[in-house]
Amino acid sequence: MTNDASQAREPLTFPFQDVPEFGDPVEIAEGIIWVRFPLPFALDHVNVYFIRDGEGWAVIDTGINTKPAIATWQAVLRDVLRGEPITRVIATHVHPDHIGLAGWLCERFDAPLLTSLSSYSESRLISLAPNETGSRQFFDFYVSHGMTAEGAGIVAIRGNEYLQLVYPLPRSYHRLVRADVLNIGHREFRVVTGEGHAAEQIMLYCHEESLLFCADQVLERISPNVSVSATDPNGDPLGHFLRSLRQLRQDIPAEVLVLPGHRRPFHGLHTRAAELEEHHEQRCDLIRRACTVAPQTVADLVPVLFPRKLDAHQMSFAFTETLAHVNRLVRRGELDPVQQDGLLAHRTSASI
């Protein structure tokens, strides 16, 4: 940890104390509107933002492809935007709650899709080969870390679930890359990207008005899920996530208004980024201590990080996030992989 991460910090402040009902607009600034859309998960909402763009509105994220979300959209288009068009659709990343209705909006308004290469290509790849995520190779990988056959099966069918929650994307898109400048109406935004929660996650920073649309990179109270993908089993998404947090603290002023993908907008970017760094370091400490007592599989370590009862869906995310912490410690030379009863386990390195 960096020294400033552990110093006394200013607490987060929330300019909008009341959380709006689904579909009810909140004016963030002139020509910027925040609306919450429903999700069918424990985290029951996603934030969608509208920015005045000439005679219409640019939209940042879209919600998920479900009937309640579409019904909310119909009401927002009628009652909030009052028939004005969507001029462009900006998808911050590939997760269904953010990109799920991008194709629907692009089709309805003949609007362009703006997103990263990673988000567009990953979504298109899943749509072209949905059964690929259910291959025996991926199933065996998770079982080798001690996951039950039931849990491995849930992870393996995510591709098919994804297709049900994401409306087909348009066949072309406008690629956004870090440091691009995007003009929306009279505002200028610099494209910032983050890693760890999703590859090349798009954020938009308006220096003039001190606004940061930060998607799921930094959230109040909760930590974004950081998971190892079955297609990159030895990857280090936690390392990428921590580096992205440090980059945000370096590049974006502390007083910026953070407009996140979930929960409330807030001031206190540097404080919250440092808190997230410490949170993950503490979880790494828990794993390291557990692996000092005896070699542990990832399945053994899940209750160390997630002691509450988990349903099968939650277990799949908890397992892949635990693996992300294990992979980070392996990269740092603090854990050594070992074989135990035919499974891959880890023990604390003798060199530390």
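**A walk through a predicted fold**

R264 and E220 are both buried. Their side chains meet in a salt bridge, with 2.9 Å from N to O. R264 lies in the loop between β12 (257-260) and β13 (266-267), while E220 lies in the loop between β11 (211-215) and α8 (237-251), so the pair ties together parts that are 44 residues apart in sequence. Keep in mind that this is a predicted model.

Now step back to the whole chain. The protein chain has 11 helices and 16 strands. Its C-alpha trace spans about 65 × 50 × 35 Å along the principal axes. Does the chain have the radius of a compact globule, or what radius does it have? For 352 residues, a compact globule would have a radius of gyration near 20 Å; the protein chain has 21 Å, which agrees. Buried residues make up 53% of the 352 residues. The protein chain exposes about 15,700 Å². Carbon and sulfur atoms supply 51% of that area. Contacts also reach along the sequence. Take those between residues at least 6 apart: 65% of them join residues at least 24 apart.

Next, look inside. Which residues have the most contacts within the largest nonpolar core? They are L212, V218, I252 and I287, in a core of 46 residues. Several elements give two or more residues to this core: α5 (136-144), β10 (201-206), β11, α8, α9 (269-293), α10 (298-305) and α11 (312-331). The largest share comes from α9, with seven residues. V218 shows what such packing looks like in detail. Leave aside its neighbours within four places in sequence. V218 is then in contact with L245, L248, V258, P260, F266, L269, R272 and L276. There is also a second, separate core. This one has 33 residues, including L39, I99, L101 and C106.

C106 leads us to helix α3. This helix covers residues 102-109, and its buried residues are A102, G103, W104, L105 and C106. What do these buried residues pack against? Their partners are β4 (56-60), α1 (67-80), β5 (86-90), α2 (96-99) and β6 (113-115). After α3 comes D110. The phi of D110 is positive, near 50°.

Other residues also have a positive phi. R82 is one of them, with a phi near 55°, and R82 is not a glycine. R82 sits in the loop between α1 and β5. Is R82 buried or exposed? At 67% relative accessibility, R82 counts as exposed. S210 also has a positive phi near 55° without being a glycine. S210 is in the loop between β10 and β11.

Cysteines come next. How many disulfides does the whole structure hold? A search finds zero. C214 is in no disulfide, and the nearest cysteine sulfur, that of C206, is 15 Å away. A disulfide would need the two sulfur atoms within 2.5 Å. C214 is buried, with a relative accessible area of 0%. C284 is in no disulfide either. For C284, the nearest cysteine sulfur belongs to C291 and is 11 Å away. C284 is buried as well, with a relative accessible area of 1%.

Finally, return to the charged side chains. The count comes to 14 salt bridges. The pair of R264 and E220 is buried on both sides. Compare R78 and D79. Their side chains meet in a salt bridge too, at 2.9 Å from N to O. R78 is exposed, with a relative accessible area of 53%. D79 is partly exposed, at 40%. A further pair is R332 and E334, whose side chains meet at 3.0 Å, N to O. R332 is partly exposed, with a relative accessible area of 29%. E334 is buried, at 15%. Which residues do salt bridges with shared partners join into one network here? The network holds E281, D285, R288, R332 and E334.

Definitions and conventions
Residues are numbered from 1 along each chain as its sequence is written. This is a predicted model: local features need pLDDT of at least 70, side-chain atom pairs count only at pLDDT 80 or more; totals for chains, interfaces and linings use all residues. Side-chain values use heavy atoms; hydrogens and water are left out. A salt bridge is a side-chain nitrogen of Lys or Arg within 4 Å of a carboxyl oxygen of Asp or Glu. Buried means under 20% relative accessible area, exposed over 50%, partly exposed in between (1.4 Å probe, protein chains only). Helices (H or I, at least four residues) and strands (E, at least two) are DSSP runs, numbered from the N terminus. Contact means heavy atoms within 4.5 Å. A nonpolar core is a set of buried Ala, Val, Leu, Ile, Met, Phe, Trp, Tyr and Cys residues joined through side-chain atoms within 4.5 Å. The radius of gyration is taken over C-alpha atoms; the globule rule is 2.2 Å times the number of residues to the power 0.38. Accessible areas come from the Shrake-Rupley method with a 1.4 Å probe; for residues, only the protein chains shown count as cover.
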